[in-house]
Amino acid sequence: MFCYCRLTYMPMSYLYGKRFVGPITPLILQLREEIYTQPYNEINWSKLRHYCAKEDVFFPHTPVQNLLWDTLYYVVEPIFNRWPFKKLRDKSLKVAMKHINYEDEASRYITIGCVEKPLNMLSCWVEDPNSDYFKKHLARINEYFWVGEDGMRVQSFGSQTWDCALAVQALLACNLTDEIGPILMKAHDFLKNSQVTDNPQGDFRSMFRHISKGGWTFSNKDHGWPVSDCSSESFLCCLHLSTMPPEIVGEKMEPERFYDAANFMLSIQSKSGGITGWEPAGAPSWIELLNPIEFLDEVIIEHDYVECTASALKAMTLFQKLHPKHRKNEVNNFIINAVKFIEDLQKPDGSWYGRWGVCFIYSTWWAISGLVAAEKTYSNCLPIRKATDFLLNIQCGDGGWGESYLSCPNKKYVPLEGNRSNIVQTAWATMALIHAGQMERDPTPLHRAAKLMINSQLVNGDFPQQEIGGVFFGNCMLHYASHRNIFPIWALAEYRSKISVAF
């Protein structure tokens with residue numbers, strides 16, 4: 001089962017099995033009155049078991065699936081509340097708490113995400129409100145607080161490592177090393193210190209954990225859950241920085257740590273050649289039919305992703321050049337299989353569907369970048385030619401690109417209303433076309449895109465915040481506050497370097 005799915009349902013099952021009900025305070029009564037459209041005590045919850053607002057239905061349940069859930073609730077559930085089956089439930093609750101405690105310790109009480117954090121913390125409080133487990137949870141609540149432009153809010157989780165790796169690449173593309181050396185050195189230190197240097201404690205395989213040594217998390221080292229694209233981009237940065245003067249960017253990582261990173265990447269490649277997000281894929285795809293979550297799709301098992309595969313491809317091709325002897329044949333096969341996976345997943349219109357950004361523009365940028373890193377070009381790779389045509393065909397009248405978040409749930413390209421452009425998406429498309437060699441064939445589309453980005457910059461150097469650009473499993477949008485600056489700078493830097501070469 002996919003890590004997010006099992007780590008969410010584990011504390012939920014514990015709380016349900018304990019039949020926990022919190023104290024009914026005046027605040028709770030006020031919240032009930034505010035939330036529900038009828039008196040709370042008059043709601044027939046049994047009749048509403050399968051009710052879901054139509055706007056939230058992304059994965060509709062079949063009658064067979066509803067029959068299964070009803071059978072478990074109305075037939076099986078009462079049995080487990082009676083002796084001797086209740087003993088089995090009591091034992092199961094202890095096993096669930098054991099796994100909750102293990103995950104809390106392995107993530108230093110950050111947990112894997114913002115949904116799991118309160119559920120695990122509440123479970124620990126229900127088990128023992130005076131326990132050290134609960135007290136340690138309290139100490140890490142601040143990890144989820146974020147001061148946004150409109151005040152304090154709770155975020156899904158920190159993206160420090162992800163943002164840092166992307167920002168470093170944008171800065172390196174600017175070719176201003178002499179001016180920003182101290183910044184690069186600090187970022188290099190952060191990335192080196194953020195690499196996970198140990199596997200989860202104890203017999204982690206029995207706790208359904210994969211190796212973590214060598215990877216990077218989305219946020220920081222304490223989190224303990226490496227993500228493939230965060231690992232790849234951080235790995236790539238450290239490889240680039242290892243080729244630069246240490247007096248400017250700091251000492252490079254030890255070779256063994258580069259090997260650990262490569263080993264982690266090799267461990268999460270599937271037979272298809274694709275790269276998963278967190279753990280190796282293994283469960284059969286039919287299990288997705290049991291998905292109980294109406295608003296998310298393909299979240300029951302781990303899957304392979306184009307963006308993660310392309311990101312890994314960039315890192316592993318550079319690793320192969322700088323460290324050619326380490327697991328030579330395996331690294332070479334990794335690259336060959338990853339290229340094939342990306343090419344095979346291309347859509348008929350030349351695009352790729354994106355899982356982690358909006359959407360076809362985002363994934364197409366990643367796919368082209370990965371293929372180019374593997375020495376594919378416009379002339380020798382049909383998928384790159386098709387992808388180039390796709391991007392040129394959807395360029396907006398003002399020279400930019402703009403894609404609606406609706407592309408994600410609809411799984412087909414949807415432009416922004418009024419054919420507006422989005423600066424971040426314009427940057428993605430610009431870099432994709434630059435990597436595909438568009439500057440050498442016809443630079444006009446890129447000149448128009450660069451002009452739009454330049455004219456969009458504010459007086460203080462910032463870029464305007466526009467439509468949301470991140471996504472989680474096709475139907476939950478994510479806001480990355482730093483993207484509006486990282487990607488336009490990165491795209492303009494790459495554009496400038498090509499202009500310098502051309503003239």
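**Cavities, charges and rings**

Okay, let's start inside: strand β5 gives three residues to the lining of the largest cavity, the largest share of that lining. Before I go on, this is a predicted model, where local features need pLDDT of at least 70 and side-chain atom pairs count only at pLDDT 80 or more, while totals for chains, interfaces and linings use all residues. Residues are numbered from 1 along each chain as its sequence is written, and side-chain values use heavy atoms, with hydrogens and water left out.

So what is a cavity here? It's a set of points on a 1 Å grid, over the protein atoms alone, where a 1.4 Å probe fits but cannot get out, and lining residues have an atom within 4 Å of a point. Volume is the space filled by probe spheres set on the points, which are joined across faces, edges and corners. There are five cavities of 30 Å³ or more. The largest one holds about 260 Å³ of space. Its lining has 25 residues, and nearest the centre you'll find Phe-218, Val-227, Asp-229, Trp-356 and Tyr-480. Two elements give two or more residues each to that lining: α9 (228–242) and β5 (470–472). Helices (H or I, at least four residues) and strands (E, at least two), by the way, are DSSP runs numbered from the N terminus.

The second largest cavity has a volume of about 140 Å³. It is lined by 17 residues, with Val-424, Gln-465, Glu-467, Gly-469 and His-483 closest to the centre. Which element gives the most to the lining of this second largest cavity? That's α17, with four residues. Both α17 (423–435) and α20 (483–502) supply at least two.

Now the charges. A salt bridge means a side-chain nitrogen of Lys or Arg within 4 Å of a carboxyl oxygen of Asp or Glu, and the count comes to 20. Take Glu-279 and Arg-6: their closest N and O atoms are 2.6 Å apart. They sit 273 residues apart in the chain, with Glu-279 in the loop between β3 (275–276) and β4 (304–305), and Arg-6 in helix α1 (residues 3–17). Glu-279 and Arg-6 are both buried, where buried is under 20% relative accessible area, exposed is over 50% and partly exposed is in between (1.4 Å probe, protein chains only).

Compare Lys-86 and Asp-90, with closest N and O atoms 3.5 Å apart. Because they are four residues apart in helix α4 (residues 85–106), about one helical turn separates Lys-86 from Asp-90. Lys-86 is partly exposed at 39%, and Asp-90 is partly exposed too, at 34%.

Then there's Arg-209 with Glu-103, at 3.2 Å. That pair spans 106 residues, from the loop between α8 (177–194) and α9 back to helix α4. Arg-209 and Glu-103 are buried.

Last bit: rings. Phe, Tyr and Trp rings (for Trp, the six-membered one) pair if their centres lie within 6.5 Å; planes under 30 degrees apart are stacked, over 60 edge-to-face, and the rest tilted. That gives 33 aromatic pairs. How do the rings of Tyr-4 and Phe-472 meet, and at what angle? Their centres are 5.5 Å apart and their planes at 75°, so the pair is edge-to-face. Tyr-4 is in helix α1 and Phe-472 in strand β5, 468 residues apart. Both of these residues, Tyr-4 and Phe-472, are buried. They belong to a cluster linked by ring pairs, with Phe-218, Trp-356 and Tyr-480 among the other members.

Technical notes. 1 Å grid on protein atoms, 1.4 Å probe; cavity = no way out; pocket = protein on both sides within 12 Å on 5 of 7 lines; lining within 4 Å.
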